[in-house]
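Look at the sequence and the model together, and keep both in view while reading. The paragraphs below go through a few places one at a time.

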Amino acid sequence: MQLASIFDWIETLSAVRLIVIIPGLYPAISALHILGIGLLVGSIVTVDLRLLNVLGHAFDDALRSLVRIALAGFFVAFTTGLLMLSVRIQQYTSNPAFLAKMLLLLCAGTNAIALRFATGSPDIRRILNTRRARIAGGLSIGIWVSTVFSGRWIAFL
């Protein structure tokens, strides 16, 4: 089965068609997507600023909670993103901005996983004030800002 056939099938699923025909549903999903992004990026940038030593030790106790909030935001953004993608999957998968966003998301995840494994600890406080933490924090901010920009460009290409 060709990819185009799979995309056609996805776009014709009953649940996907409901997103298109129920007034206000797609905009509501889009708004939830933006809220998820806000939770994710707002929380993770705060963590990254602490990794870069821009924020002081007062944030150390909140780091674990901020990471959990970022993961919750990612879950909301990912779920709603899949729903929005399913409506026009063929258009999105040929959009350079969408493809860039997907690559950047992969980079963001790889950066986070690499930091986790490089430190050998799930406790982010154990890696503060290390060179690895500063590099990962700086990369993370750059990647997430780029991801937001590429996401916004999807509608204009």
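Where is the place of Asn53? Asn53 sits in the loop between H3 and H4; helices here (H or I, at least four residues) are DSSP runs, as are strands (E, at least two), and they are numbered from the N terminus. The model is a predicted one, in which local features need pLDDT of at least 70 and side-chain atom pairs count only at pLDDT 80 or more, while totals for chains, interfaces and linings use all residues. Residues are numbered from 1 along each chain as its sequence is written, and side-chain values use heavy atoms, with hydrogens and water left out.

Most residues other than glycine have a negative phi. Asn53 is not a glycine, yet its phi is positive, about 65 degrees. Its relative accessibility is 35%, so Asn53 counts as partly exposed. On this scale, buried means under 20% relative accessible area, exposed means over 50%, and partly exposed lies in between (1.4 Å probe, protein chains only).

A salt bridge is a side-chain nitrogen of Lys or Arg within 4 Å of a carboxyl oxygen of Asp or Glu. A search of the whole structure finds one. It joins the side chains of Asp60 and Arg50, at 2.5 Å from N to O. Asp60 lies in the loop between helix H3 (25-51) and helix H4 (63-87), and Arg50 in helix H3, so the pair ties together parts that are ten residues apart in sequence. Asp60 and Arg50 are both buried.

Next come the two helices themselves. Two packed helices are described by the angle between their axes and the distance between the axes. For H3 and H4, the axes come within 7 Å and cross at roughly 150 degrees. Axes are lines fitted to C-alpha atoms, for helices over the stretch in contact, and angles run from 0 to 180 degrees between N-to-C directions. The crossing makes H3 roughly antiparallel to H4, a term for angles over 145 degrees.

Two further residues lie in other helices. Ser140 belongs to helix H7 (residues 131-153) and is buried, with a relative accessible area of 8%. Not counting residues up to four places away in sequence, Ser140 touches Ile44, Asp48 and Asn111, where contact means heavy atoms within 4.5 Å. Gln90 is found in helix H5 (residues 89-92) and, at 28% relative accessibility, counts as partly exposed. Gln90 and Phe7 are 83 residues apart along the chain, but their C-alpha atoms are separated by 6.1 Å.

Terms used. Angles under 35 degrees count as roughly parallel, over 145 as roughly antiparallel, 65 to 115 as roughly perpendicular and the rest as oblique.
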